[in-house]
Each structure stands twice: as C-alpha cells, then as structure tokens.
Number of protein chains: 2
Amino acid sequence: MRGEFEYIRWIRQQTPRSPGVAVGIGDDTAALRVEPGRLCLLTSDMILDGVHFESARVAPRAIGRKAMNVNLSDIAAMGGRPTAAIVCVGLPRTWSDSDAQALYGGLREAADAFAVPIVGGDTNASQAGVVVCVTILGEAPERGAVLRSGARAGDWVLVTGSLGGSLLGHHLDFIPRVREARMLCDGYDIHAMIDVSDGLAADLSQIAAESGCGMVLRAESMPIRAAAHRMPGPATPLEHALYDGEDFELAFTCPADDARRILADPALGVPIAHIGMATTEPGLWLEASTGAREALEPRGYDHFRP
Amino acid sequence: MRGEFEYIRWIRQQTPRSPGVAVGIGDDTAALRVEPGRLCLLTSDMILDGVHFESARVAPRAIGRKAMNVNLSDIAAMGGRPTAAIVCVGLPRTWSDSDAQALYGGLREAADAFAVPIVGGDTNASQAGVVVCVTILGEAPERGAVLRSGARAGDWVLVTGSLGGSLLGHHLDFIPRVREARMLCDGYDIHAMIDVSDGLAADLSQIAAESGCGMVLRAESMPIRAAAHRMPGPATPLEHALYDGEDFELAFTCPADDARRILADPALGVPIAHIGMATTEPGLWLEASTGAREALEPRGYDHFRP
C-alpha cells in the first residue's frame with residue numbers, strides 16, 4: 001500500500017458531510033451532536049482473519065460489510081437508531097491500495113444503507129491477517145432501549161427470518177434488522193430482544209437468564225434456513241438452526257396480543273415465526289410435536305474452546 | 001482459557017455500577033446517559049502484537065494499560081472528559097485465565113485513574129497474537145472541543161513533558177494528559193491541540209496544515225527525554241524528539257499572553273516548554289541557535305511503509 005496517510009486522506013475525501021457530525025475524520029476524536037433526553041447506545045465488535053472470515057477466500061468488500069453489519073445488528077437488538085461509526089483496521093502490508101479501498105467500500109456500503117456516517121478510526125499494519133473493529137454509536141428509542149432482561153412468563157417468543165447454516169454464505173451477506181427492530185419497537189410492546197449471533201439456544205438462554213424466566217421452544221415451528229439442510233456433518237437442520245449462530249436475526253418476546261398482531265402485520269416485510277413461550281419454570285426446553293420435552297443446552301460458539 | 005462466557009462473567013463481576021451507565025456489560029450494547037448540550041467525543045485505537053508491542057516480552061497488564069491510555073490521550077487532546085470505554089480483544093488460545101485477567105486489570109487500572117467505566121466489548125480468539133481495540137466516549141468542554149484547526153499566526157507553540165526515545169519504556173508506562181488538558185482548556189485560550197503520537201514533527205504538521213499556517217520550532221528549546229540519549233542508531237537525541245512518536249504529550253498553541261501565564265502556572269504540575277511559534281508562511285521549520293532555519297520533514301511513523 002502507498003501509505004497510511006494517503007489512505008486516510010483518500011477515506012476523508014470519500015466522506016460526505018453529515019448533519020450530526022461536528023468533527024469527523026481528521027482530528028484526535030470525532031465530535032457528535034446528541035439528541036437530548038435519549039440514551040446513547042455504544043457497541044463494538046471485532047472480526048478477525050481465520051476466525052470470522054478467511055481473507056484468502058473472502059473479498060475485502062465483503063469483510064468490510066460484515067464488520068459493519070454485525071455492529072448494526074447489535075444496535076438493532078436494542079431497538080436503536082445507529083448514528084455514527086468508527087472503524088479500526090489492521091491490514092497486511094501485502095494488501096494493495098485497491099484491497100484497502102474495497103474494504104472501506106464495503107464498510108461504507110453497509111453504513112450508507114442506514115445513513116450512518118463513518119466519523120473516524122485508526123489504520124494499522126498487521127503482521128497477521130486482517131483485523132477490523134467497528135464501533136457504533138446509536139440512539140435508544142424514546143421509551144428506552146429494549147433489554148435482554150424484560151421477558152415475562154406468558155410472553156410469546158418470536159424470531160425474524162430463518163436460522164442455521166449461516167456459514168454457507170449468509171454471515172457475509174445479511175442485512176441487519178435495524179428497520180424491522182425499529183418498527184417492532186415503535187408499534188408493539190416488545191419486552192426483550194437479542195440478535196442471534198452466538199446461536200438461538202445460547203442467545204435465548206441469555207434472555208431467560210437475565211429475565212429470570214424459562215422458555216419452551218416448539219421444534220416444528222423453527223424457521224430453518226435452506227442452507228441448514230446443506231451443511232456437512234451429522235447435525236440435523238434443526239440443530240443447525242438452534243446452535244450455528246451468526247444468523248443476525250432478531251429473537252424477541254412480547255405479550256400474546258402483540259405477537260398476534262405482529263404475525264399479521266405485512267408492513268414488517270419479513271417472515272416472523274412464533275417459536276415458543278416464556279415460562280415461570282427456568283431453563284430452555286425443546287418441545288416435539290408429540291408434546292415430549294427435552295432440555296436444550298445453552299451452548300453456542302465459544303471463542304476460547306477448541 | 002476456560003471459556004469466553006466465563007471470562008465475560010468474571011469481567012462483569014469486577015465491574016462496579018457507575019452513575020452515567022444505564023446499561024453496562026451484558027446486553028447487546030451499552031446505554032449511557034449523556035450530558036445535554038455537550039458534544040459527544042468518540043475515538044478508537046487498535047494496538048497489535050508485533051506492531052505496537054511484543055506480547056512475548058510485554059506483560060498482559062502493560063498491554064491493557066497501553067491500549068486504554070492511547071485512547072484517553074486522544075480525548076485529552078480535544079480537552080475532553082472521558083466518560084465510558086468499550087474494549088474488544090483478540091487473545092491467543094494459549095493465554096491462561098490469569099493472562100486474560102491481567103490484561104483486563106491493566107485496562108481497568110488505566111480507566112480507573114480517570115473514573116472511566118468499561119461498559120462493554122467483545123472477546124475473541126485470535127490466531128495471530130494479541131489485538132486490543134479500545135473505544136472511548138467522552139464529553140467536550142462547554143466551550144467546544146479543541147481542534148487541530150484553530151492555530152493562528154503569532155500563537156506560541158508549547159508541549160508538555162519531554163519527547164523522544166519512548167520505545168525504551170515510556171510508551172508502555174505513560175499517564176495520558178487528561179487532567180492537564182482540562183486545566184489548560186478551563187483556564188486558558190487554547191487554540192489548537194494534538195497528542196504527540198506519530199512524532200512531534202508529523203503531529204505539528206497536522207495542526208499547521210489544518211490551521212492554514214506554518215510553524216518555526218526552536219531546536220534548543222526542545223524538551224528531550226533522557227531515553228532519547230540512550231537510543232541505539234545514528235539519529236541524534238533531537239531527531240528522536242522530533243520523529244519517534246508515542247510520546248503521548250500535548251502539543252498546543254495559544255496566544256503569547258496565555259502562553260506566558262501557562263509557563264508560570266505551578267498548578268499544572270507538569271513541565272511545559274515553549275518550543276516555537278505559528279507563522280503566516282506555511283511549512284514546518286527548525287531554527288538553530290544561530291538563527292539558521294531548515295525545513296522539517298513532516299514524517300512520522302507510517303504503518304504501511306517498510
């Protein structure tokens with residue numbers, strides 16, 4: 001690559017002015033105008049070569065898109081509006097200018113989809129593959145952020161889209177559910193919400209644990225992604241849907257009345273499945289069509305386990 | 001390491017409640033209360049194994065401290081108050097629990113020094129050494145952030161502490177100038193400020209370029225760190241002071257009257273040197289005691305150059 005300062009200069013030239021941004025790229029920090037009275041959301045996720053993608057096999061643009069989208073998905077899971085992004089990268093010295101520009105192009109494509117300005121960051125050489133860390137600032141809904149701790153026994157459990165087999169492509173090519181989350185939070189009494197990143201079972205266990213309730217999921221209602229049927233290995237498509245992760249769909253709970261209206265609301269523009277119920281008894285259970293229940297392990301992807 | 005979720009649980013247990021934090025570690029994002037009417041500062045810096053430190057030779061605690069402190073230094077350079085931090089890490093699977101805990105200990109030690117809560121983040125396995133990316137949210141001073149673009153011809157150029165030879169230890173063991181920056185901004189008319197990270201010449205070039213002025217620096221006034229005399233290689237101590245970088249001192253400009261009062265203010269508690277003057281003629285110049293001037297290259301550390 002020609003040089004760090006040229007890259008930053010190029011990025012700065014690509015960056016339009018944005019109304020909420022008092023100071024953008026090019027000073028020690030960004031400075032942003034914040035809506036008074038709203039909680040400020042802050043989230044940051046890092047993606048690493050050989051862990052979340054293989055730079056030898058994935059185009060720089062797709063890496064950029066994923067790095068931005070996983071963070072937008074977290075803002076969505078709070079019902080929030082993303083307002084600004086900061087991007088830190090570690091890039092191999094072997095990358096060309098056009099690789100580095102394509103990475104930025106992917107970051108911008110994903111951010112532009114929700115009118116999120118990239119207001120700063122940090123560029124570094126990396127001795128070991130590509131690392132991208134995106135931080136997003138957002139604004140909570142007026143009623144407050146939708147937490148993991150708000151589920152109540154009797155709530156219905158719903159999920160957008162479909163689950164499983166993300167590794168076959170979806171994890172690089174999803175649209176974070178920012179729009180859907182805001183429509184859900186504006187129109188309905190959403191009690192608890194999470195984005196499915198570690199795997200549905202692991203993520204719903206988080207809601208159950210934080211809310212002090214349990215959940216019973218119905219096996220036959222699980223929306224299984226077509227790719228989950230094409231995954232190699234012995235696991236069933238249902239197991240892929242429960243455990244694979246990186247679906248970046250919204251799993252949420254709400255009162256039965258709201259759930260019925262959500263399931264009948266065409267404006268949401270996304271398939272939504274009613275997959276279960278929150279219960280007073282703790283734990284996570286899978287119910288077969290016969291009515292038989294088995295305990296679901298809350299396992300998901302753990303970075304520090306072999 | 002035992003597992004990602006155990007590590008996050010352990011971190012969460014170590015984290016006290018903090019008044020501005022509505023939602024801390026453990027949900028999809030953090031949610032923070034923001035002072036109305038103040039600009040929100042946002043900055044993020046990533047440090048990488050083999051580039052900013054060598055994990056084989058630097059203790060995890062020192063890596064954590066550095067990752068936090070480089071970001072606090074950026075908030076200082078805007079005259080801001082740091083209010084919350086988010087931390088993303090990539091850790092080798094070979095790290096023990098106590099390595100990971102020591103890293104967090106270092107991050108917390110640095111953050112605690114300025115009462116900054118760590119409100120969230122992301123933990124990952126890394127296939128290639130340690131990566132730490134810290135993002136800090138801050139609050140601009142009431143009068144607005146101090147930018148790089150505010151220097152005016154006639155301003156004096158000052159710098160805190162001393163410069164050069166940081167590689168011999170200072171870069172792992174500095175206190176970011178948050179306190180000093182706030183005192184300077186509260187008490188004096190600081191026109192432009194930057195933290196010295198890329199090297200004094202490169203960083204002052206940024207101020208000059210953004211402000212549309214030039215600068216003349218006096219060689220004999222340069223505060224040279226003792227370590228700059230101990231650096232191996234052919235460069236002189238003065239060259240180390242001008243080009244090494246990672247000093248994390250404040251370089252700033254202000255009217256002569258303010259500068260004189262600053263130089264006489266014992267409350268600042270740090271040596272401050274008057275190193276030069278902003279000029280209408282562009283460029284960065286070094287003036288010898290003889291009065292002879294030579295142009296200073298704005299070079300500093302460039303990550304993408306060999």
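These legends describe close-up views of a predicted two-chain model. Local features are described at pLDDT of at least 70, side-chain atom pairs count only at pLDDT 80 or more, totals for chains, interfaces and linings use all residues, and side-chain values use heavy atoms, without hydrogens and water. Residues are numbered from 1 along each chain as its sequence is written, while chains are lettered from A and ligands numbered from 1 in the order in which they are written.

**View 1**
Chain A superposes on chain B by a rotation of 180° with 0.0 Å of shift along the axis, at an RMSD of 0.0 Å. The same surface serves both copies, as 100% of the contact residues of chain A recur in chain B. Contact means heavy atoms within 4.5 Å.

**View 2. The interface joins 70 residues of chain A to 70 residues of chain B.**
About 5,700 Å² is buried between the two chains, and carbon and sulfur atoms give 57% of this area. Buried area is the accessible area (1.4 Å probe) that two parts lose on being put together, summed over both. The interface holds 21 residue pairs in polar contact, both residues at pLDDT 80 or more. A polar contact is a pair of N or O atoms within 3.5 Å; within protein, one must be able to donate a hydrogen and the other to accept it, and residues adjacent in sequence count only if both atoms are side-chain atoms. Six salt bridges also cross between the chains. Each needs a side-chain nitrogen of Lys or Arg within 4 Å of a carboxyl oxygen of Asp or Glu. One of them pairs A:Arg148 with B:Asp28, whose closest N and O atoms are 3.0 Å apart. On the side of chain A that touches chain B, strand β3 (residues 40-48) gives the most, with eight residues.

**View 3. Strand β11 (residues 272-279) of chain A is largely enclosed by the rest of the structure.**
Seven of its eight residues are buried. Buried means under 20% relative accessible area, exposed over 50%, and partly exposed in between (1.4 Å probe, protein chains only). Strand β7 (residues 156-160) of chain A pairs with β11(A) in the antiparallel sense over five bridges. Here A:Trp156 has A:Met277 as its bridge partner. Strand β9 (residues 214-218) of chain A also runs antiparallel to β11(A), joined by four bridges. A:Leu217 stands opposite A:Gly276. Strands (E, at least two residues) and helices (H or I, at least four) are DSSP runs, numbered from the N terminus. Two strands pair if DSSP finds at least two bridges between them.

**View 4. A:Glu246 and A:Phe248 lie in the loop between α7 and β10 of chain A.**
Most residues other than glycine have a negative phi. A:Glu246 has a positive phi of about 55°. A:Phe248 also has a positive phi of about 55°. The loop runs between α7 (237-243) and β10 (250-254). A:Glu246 is partly exposed, at 21% relative accessibility. A:Phe248 is buried, at 5%.

**View 5. B:Ser221 sits in the loop between β9 (214-218) and α6 (226-229) of chain B.**
B:Ser221 counts as buried, at 18% relative accessibility. Its side chain makes a polar contact of 2.8 Å with the side chain of B:Arg218. Leaving aside residues up to four places away in sequence, B:Ser221 touches B:Ala273, B:His274 and B:Ile275.

How values were computed. Least-squares fit on C-alpha atoms with pLDDT ≥ 70 in both.
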